[in-house]
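Subject: Structure handover

Hi,

Here is the structure I promised to pass on to you.

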Amino acid sequence: MVVPGSQHAEDKMYHPPEGLQKDAHVPDFRCYLELYKKSIEEPDVFWKEVASDFYWKKPPTGQILQYNFDVTKGNIYVKCMEGATTNMCYNVLDRNVKDKNLGERVAFYWEGNSPDHHMAITYSQLLGQVCRCANVLKQMGVRKGDRVAIYLPMIPELVYTMLACTRIGAVHSIVFAGFSSESLCERILDSQCSILVTADGVHRGEKWINLKQIADEALEKLLSSGHDYSSILLSQFNSREHCEPEWLDAEDPLFILYTSGSTGKPKGVLHTVAGYLLYTSLTFKYVFDHQPDDVYWCTADIGWITGHSYITYGPLANGATSVLFEGIPVHPHVGRFWEVIEKYRVTKFYTAPTAIRLLMKYGKEPLQKYDLSSLRILGTVGEPINPEAWHWYYEVVGQKRCPVVDTFWQTETGGHVLTPLPAATPLKPGSATFPFFGVDPTILNEHGEELEGEAEGYLVFRQPWPGIMRTVYGNQDRFEKTYFKKFPGFYVTGDGCRRDRDGYYWITGRIDDMINVSGHLLSTAEIESALTEHGAVAEAAVVSRPHTVKGECLYCFVTLKDCREFNRTLVDELKRQVREKIGPIATPDFIQNAPGLPKTRSGKIMRRVLRQIARNEKDLGDLSTLADPKVVEVLFSQRWETAA
């Protein structure tokens, strides 16, 4: 690793402001290097020190991290602090209220879809509400190890419910309240949930989303699978604001969260109690340089991993004050984000490049109506940020005084794995910079050979950190095949990566058949499956196309059955079908008629060619492996008939 600022620097670097370095947890790059070396060479010592901040009913003894990453040597496993017992809810609530006297500190400023709806929730109030909810779940028969599905909008009850699950040892499986009834049903079935918690509905901007209706449709589908259900109002139960925590083994399951799979079927990523607690706590503390007077705001939805790690668990484990936001960036006006920052004097702001690009379109004027002087650190998440958006974020929003922490991580990693530290890391716009503590990355070529120095290839990790996933729920074989079989001895991220002369890492995008739309990872196979379920479609192929706001969008090629006509009505039906099967986030942007698809002689679709057609790139390179090269000419000629 080269110390930034060397003579080899290939890009302009933005150095941390001196004012931020004074009281920072990691005040400079040399301090980062020392801590990083310790975390890699002495991981047990490093993580034992982190663990000392938390409450253990039975303290950890022996080795902190045990693992096998090599499928040729047996089953893949990761264990952190095996033998210790604790409770996540106790550590993020009781510990703050009872041990740290933070009961009257605001845990969340909830800001609703409308500016008229807002409330402050202290740590004591949060603990009371969580205990009430936990007692209700217990009255409904939920016990340790049971799975609970949660389909709620960004309201305080979502936090109450997930923490209530952790308090009694139940495993929560939160489904983003924008997914369709079919997606909800699929996730409930796969995780074998015994309870579904939902709400009547939610306003998202001006739009009303009937969550109860969607939930009922999902449960009707469950009936056909032999499941019974009944509807119960939680308000029917009387419950006390005291509930003893269930003490869990360090490796007991904490939650299941589904992420799109390249084979079409979503994967239930399983995280466990102790390791996830340690990792989300430390990444939040160091990446956002959390200080006691901070007001932190992550704009993500808790239905995604960002909301799990950096709205709920990471901030609460640090006794932080956060904004919990139900709304959208442009409702009721395009200055909504800036209005909220001014209202709560937000100091640390974490959002997605998609949101930044959306707000860039409205220029500087909406920002100039509000006082953003409280901001000290900016962060991005979900996808690599393009340099143009980075500069606007840094110069216009942060007024050239707030470092931008561009974080790379996944549902599977549990927390940040490549990220700047705001007071320590000189920044290069668009680069995820360096690994977080305990994370040991390398770049491999197609043959599994490690590449030194400047290089581009597969991003992999040599060893685990506490917060890494433990398995795919109910499918260990898929877990091993997806992440460990391609390159034995390494965790394979599925992302391409470039390392420059200064050792900085740049994420270049997905290598497998996944598309990153507005920071949401979508499976091309899942979308293709939804398209081919329509009676008119014989075959479908989905690729990405650049989009000025979303980063990437969905460009779909459909081959119709004989005698079926490609027209606007069909396109609307196909879009509706994908929305209903997966959710609005997966709605195709473009659908093109494809009388044939470019395939190799063995029948494999050449997606590289389809991506170039979608982008109207005529220089296609070597097409010698195509069974019928004339297909390409036809697709280009019909490209202009694409229905947007």
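Glutamine 399 counts as partly exposed because its relative accessibility is 39%; here, buried means under 20% relative accessible area, exposed over 50%, and partly exposed in between, with a 1.4 Å probe and protein chains only. Glutamine 399 belongs to the loop between α14 (387–397) and β18 (404–406). Helices (H or I, at least four residues) and strands (E, at least two) are DSSP runs, numbered from the N terminus. Leaving aside neighbours within four places in sequence, glutamine 399 is in contact (heavy atoms within 4.5 Å) with Leu372 and Tyr394. Its C-alpha atom is separated by 37 Å from that of tryptophan 47, 352 residues away along the chain.

Please keep in mind that this is a predicted model: local features need pLDDT of at least 70, side-chain atom pairs count only at pLDDT 80 or more, and totals for chains, interfaces and linings use all residues. Residues are numbered from 1 along each chain as its sequence is written, and side-chain values use heavy atoms, with hydrogens and water left out.

With a relative accessible area of 9%, glutamine 410 is buried. Its side chain makes a polar contact with the side chain of tyrosine 491 at 2.8 Å. For that term, a pair of N or O atoms must be within 3.5 Å; within protein, one must be able to donate a hydrogen and the other to accept it, and residues adjacent in sequence count only if both atoms are side-chain atoms. A polar atom of the glutamine 410 side chain also lies 2.8 Å from the backbone oxygen of threonine 493. Not counting residues up to four places away in sequence, glutamine 410 touches Ile305, Tyr491, Thr493, Asp495 and Arg510.

Then have a look at histidine 308, in helix α10 (residues 305–317). Histidine 308 counts as buried because its relative accessibility is 0%. A polar atom of its side chain lies 3.1 Å from the backbone oxygen of tryptophan 304. Beyond four places in sequence, the residues that histidine 308 touches include Met162, His172, Phe255 and Tyr276.

On to the aromatic rings. Rings of Phe, Tyr and Trp (its six-membered ring) pair if their centres lie within 6.5 Å; planes under 30 degrees apart count as stacked, over 60 as edge-to-face and the rest as tilted. By this rule the count comes to 54 aromatic pairs. One of them, between tyrosine 55 and tyrosine 90, is tilted, at 4.9 Å centre to centre and 45° between the planes. Tyrosine 55 lies in the loop between α3 (43–51) and β1 (65–68) and tyrosine 90 in helix α4 (residues 88–99), so the pair ties together parts that are 35 residues apart in sequence. Phenylalanine 479 and phenylalanine 484 make an edge-to-face pair, with 5.3 Å between centres and 70° between planes, and both residues are buried.

The charged end of arginine 187 is 4.4 Å from the ring centre of phenylalanine 179, and arginine 545 lies over the face of phenylalanine 590 at 4.2 Å from the ring centre.

Best wishes

Notes
Lys NZ or Arg CZ within 6 Å of the ring centre and 35° of its normal.
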